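Please keep the sequence and the model at hand while reading.

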Amino acid sequence: MRIKDIREDLDITQAEVAEYLNIKQNTYSQYETGKRQLPIDALIKLSKFFKVYTDYILGLTDEK
């Protein structure tokens with residue numbers, strides 16, 4: 001999953017993304033590290049937030 005790379009490329013903090021998702025920062029951190037599975041609703045929200053396809057986040061395509 002590419003959420004850490006996408007977030008860092010956009011110079012956005014974990015706290016900012018967590019606030020957008022309405023979750024705690026440490027929960028979002030666990031999504032990035034793979035310690036917690038990313039729920040589908042969060043995947044869709046991240047796709048909109050980062051303005052990329054869900055398949056790009058999941059590493060299924062290189063097309064943003």
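## Residue Q30

Q30 is found in helix 3, which spans residues 25-33; helices here are DSSP runs of H or I with at least four residues, strands are runs of E with at least two, and both are numbered from the N terminus. At 26% relative accessibility, Q30 counts as partly exposed, a class lying between buried (under 20% relative accessible area) and exposed (over 50%), with a 1.4 Å probe and protein chains only. Leaving aside residues up to four places away in sequence, Q30 touches K35 and R36, where contact means heavy atoms within 4.5 Å. Q30 and A42 are 12 residues apart in sequence, and their C-alpha atoms are 13 Å apart in space.

## Basis of the model

The model is predicted, so that local features need pLDDT of at least 70 and side-chain atom pairs count only at pLDDT 80 or more, whereas totals for chains, interfaces and linings use all residues. Residues are numbered from 1 along each chain as its sequence is written, and side-chain values use heavy atoms, with hydrogens and water left out.

## Helix 2 against helix 4

Two packed helices are described by the angle between their axes and the distance between the axes. Helix 2 (residues 14-21) and helix 4 (residues 40-50) pack at about 120 degrees with their axes 10 Å apart, the axes being lines fitted to C-alpha atoms over the stretch in contact and the angles running from 0 to 180 degrees between N-to-C directions. The two helices are therefore oblique to each other, the class left over once angles under 35 degrees are taken as roughly parallel, over 145 as roughly antiparallel and 65 to 115 as roughly perpendicular.

In this packing, V17, Y20 and L21 of helix 2 meet A42, K45, L46, K48, F49 and F50 of helix 4. By class, the contact has seven nonpolar, no polar and two charged residues, with Ala, Val, Leu, Ile, Met, Phe, Trp, Tyr, Cys and Pro counted as nonpolar, Asp, Glu, Lys and Arg as charged, and the others, Gly among them, as polar.

## Residue L58

L58 lies in the segment after helix 5 (54-57) and, at 40% relative accessibility, counts as partly exposed. L58 and R2 are 56 residues apart in sequence, yet 6.5 Å apart in space from C-alpha to C-alpha.

## The chain as a whole

The protein has five helices and zero strands, and 34% of its 64 residues count as buried. The C-alpha atoms fill a box of roughly 30 × 25 × 20 Å, taken along the principal axes.
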